[in-house]
Amino acid sequence: MSKVLADKDSLKDHSTQELYRELITRLGEDPNRDGLIATPGRVEKAMAYLTKGYQEDAGEILRAALFDVDYDEMVIVKDVEMFSLCEHHMLPFFGKVHVAYIPNGKVVGLSKIARLVEVFARRLQVQERMTRQIADAISDAIAPQGVGVVIEARHLCMMMRGIEKQNSFTVTSAMVGCFQRKETRSEFLSLVRNPAQGYL
Ligand SMILES: Nc1nc2c(ncn2[C@@H]2O[C@H](COP(=O)(O)OP(=O)(O)OP(=O)(O)O)[C@@H](O)[C@H]2O)c(=O)[nH]1
Ligand SMILES: [Zn+2]
């Protein structure tokens, strides 16, 4: 879908913007009124941004910053903000991603972990798949001893419509390699639960 949005010809003949004009009309609004006249163009831009992950390659991003480092304790990058769109309603879900791995000779540049989250969040998603994709991408790039990913998110499709539950949030996890061992998994989860102390 994003490929189509980003396609130069579709931008040239404004067909995507025509779709949004049609949508506005079908919702019962006048697409020519002052406040809405530029809306199709804005929505096109916004949707292209919110789905830009389809144009990005996780492996390529990680390969740009791999370092040989002799370190075999857990590396955790936690509280990475995430905004995505649920593939069922195309409404936002958002929250935090916590990523950990135990290296096996190679570490990945820290910022690339956050970039990786963006690659998979900026698509139409379900939380479970995104969780798994982040874990698999790290696994494929550096073959670590193990990887753990936890995502905590709120889904607007459950809050502003549907069942309308304002306080529920969804937690998903993907554990690969040594993170499937009880002790490693528990260490990761307890580090995720505790706020960073002292230094920050
Ligand atoms: N597993 C999973 N489900 C999701 C996610 N995002 C949204 N959903 C769910 O997708 C389901 C779609 O269910 P349907 O019954 O087809 O759609 P619906 O009638 O709009 O469902 P309600 O939201 O219950 O009104 C809903 O239960 C949503 O809560 C996600 O990331 N993971
Ligand atoms: Zn939804």
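Valine 149, setting aside neighbours within four places in sequence, is in contact with Val97, Val99, Thr131, Ile134, Ala135, Ser173 and Ala174; contact means that the C-beta atoms, placed from the backbone, lie within 7 Å. This is a predicted model, in which local features need pLDDT of at least 70, side-chain atom pairs count only at pLDDT 80 or more, and totals for chains, interfaces and linings use all residues. Residues are numbered from 1 along each chain as its sequence is written, while chains are lettered from A and ligands numbered from 1 in the order in which they are written.

Strands (E, at least two residues) and helices (H or I, at least four) are DSSP runs, numbered from the N terminus. Two strands pair if DSSP finds at least two bridges between them. β6 pairs with β3 in the antiparallel sense over 10 bridges, and Lys96 stands opposite Glu152 of β6. β6 and β7 also run antiparallel, joined by eight bridges, with Val150 opposite Ser173 of β7.

Eight of the 10 residues of β6 are buried, so the strand is largely enclosed by the rest of the structure. Buried means 20 or more other C-beta atoms within 10 Å of a residue's own; exposed means 12 or fewer, and partly exposed lies in between.

The largest nonpolar core has 32 residues, and Val149 and Ile151 are among those that touch the most other members. β6 (146-155), β3 (92-102) and β7 (170-177) are among the elements that each supply at least two residues of this core. Such a core is a set of buried Ala, Val, Leu, Ile, Met, Phe, Trp, Tyr and Cys residues joined through C-beta atoms within 7 Å.

Conventions: Two residues are in contact if their C-beta atoms, placed from the backbone, lie within 7 Å.
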